[in-house]
Amino acid sequence: MQPVASAEFPVNAVESATRELDDFDALVGKYWPRVFRFALASMGDPDAAGSVAQDCLLKAHRKAAGFRGQSSVGTWLMRIAVNLVRDHARSRRLQFWKRTRETAVNWDDVARQVPQLGSSPEAGAAAREQVERVWKAARGLPERQRTVFVLRFVEEMDLLEIAAATGLREGTVKAHLFRALQAVRREVGGSG
Amino acid sequence: MTEHLPGNRIAECVAAGPAPEERRHLAECAQCAAEVARLESALGHFREAVRGWSEGQSAGALGKARAARRPPARVWFGWPVWAAVALAAALAVAPVYETVRDRRQAAQALADAQLLEQVGQDVSESVPSPMEPLAQLVSWDSASQESSQGNTSNSSQNGETQ
């Protein structure tokens, strides 16, 4: 297949990215953890997250010829994942929420998986409580705000990358992020 | 005294980093600095927790995804084996088929024979069944005549003899 260069990416970079997308096993090895993590944080359901991650990587692999190098492979994959999470939630809304409720996450257990949460038992308990509060606030966010929030604070993407992954303008990303953060801040117990 | 930063500007500081003016304020205001630090700390713990959880679930989910993609296992012996199996099956079934077919043919032949016999009986009857009572009368009269004639001849014979 012939790689197509864009203004941002030279031909060599596009060739390299296309090769990366062509090798499915290598693609899974490199990007599965990130795509799965984003889907898991967005949906809260490991099975659904696995399904989304699989669909995302397969789609990227099959449509490698369509990759134009306008962003990195990672950002392109996140864009596909964002769309799949959205479609999944919309097309199977009832089933999705039902299943999510059935496999409800015990965030206390999740928080315990990170041993360095606080140096003392009291600090650890406070940290776990913070995690639960942030999760609760994130679950209550509208879909776009939650997506932007997860991309920024779990995936640590910058605003331009988030704009590329979501197809939103940078200013819109900022607005969603600020609203999401205000909701989280209220839940965590900020003053003012 | 400087006013504290409102909630939306605290959120801006955490989301995109503080602007120079806010940075100056945070350097001077311990309360706002503590609030930014607390929010950043909560988000940092959340990130760590999600990453830990994801790492714990990722391998299992990948295994499930790979298993779901794998086509079902097939047992393949090659065409000569399958041909031999098919031939053996045909040979095993053939005698049974023959026996069943013979039985059916015998039963059909018996039924045909019974039908022909019935038709033969019906055809051989000289009088149709509705007319059988009349025919019996006729045969009875002729029989009685024959018997009376017989008696007469017998008596004449007897008289001749007497």
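1. Crossing of helices 8 and 9, chain A. In this predicted model, helix 8 of chain A passes helix 9 of chain A in a right-handed crossing. The residues that make the contact are Thr147(A), Val148(A), Leu151(A) and Arg152(A) on helix 8 of chain A, and Ile162(A), Ala165(A) and Thr166(A) on helix 9 of chain A. By class, the residues of this contact are four nonpolar, two polar and one charged.

2. Geometry of that pair. Two packed helices are described by the angle between their axes and by the distance between the axes. Here helix 8 spans residues 143–153 of chain A and helix 9 spans residues 159–166 of chain A; their axes come within 10 Å and cross at roughly 135°. Helix 8 of chain A is therefore oblique to helix 9 of chain A, because an angle counts as roughly antiparallel when it is over 145 degrees and as roughly perpendicular from 65 to 115.

3. Chain A overall. The secondary structure of chain A consists of 10 helices, with zero strands. Read from the N terminus, its elements run α-α-α-α-α-α-α-α-α-α. Chain A has 192 residues, and buried residues make up 43% of them. Of the contacts in chain A between residues at least 6 apart in sequence, 63% join residues at least 24 apart.

4. Interface of chain B with chain A. In the model, 31 residues of chain B are in contact with 34 residues of chain A. On the chain B side, helix 1 (7–16) and helix 3 each supply at least two residues. Helix 3 of chain B gives the most to this side, with 21 residues. The side of chain B that touches chain A has 16 nonpolar, nine polar and six charged residues.

5. Ala42(B). Which helix of chain B holds Ala42(B)? The residue lies in helix 3 of chain B, which covers residues 30–69. Leaving aside residues up to four places away in sequence, Ala42(B) touches Gln130(A), Val134(A) and Val188(A).

6. Burial of Ala42(B). Why does Ala42(B) count as buried? Ala42(B) has 26 C-beta neighbours inside 10 Å, and so counts as buried; the cut-off for a buried residue is 20 or more.

7. Points to check on the structure.

Definitions and conventions: Residues numbered from 1 in each chain as written. Chains lettered and ligands numbered in written order. Predicted model: local features only at pLDDT ≥ 70, side-chain atom pairs only at ≥ 80, totals over all residues. Helix = DSSP H or I, 4+ residues; strand = E, 2+ residues; numbered from the N terminus. Buried ≥ 20, exposed ≤ 12 C-beta atoms within 10 Å, placed from the backbone. Contact = placed C-beta atoms within 7 Å. Nonpolar A, V, L, I, M, F, W, Y, C, P; charged D, E, K, R; others polar. Axes fitted to C-alpha atoms, helices over the stretch in contact; angles between N-to-C directions. Parallel < 35°, antiparallel > 145°, perpendicular 65-115°, else oblique. Left-handed = near helix turned anticlockwise from the far one by under 90°.
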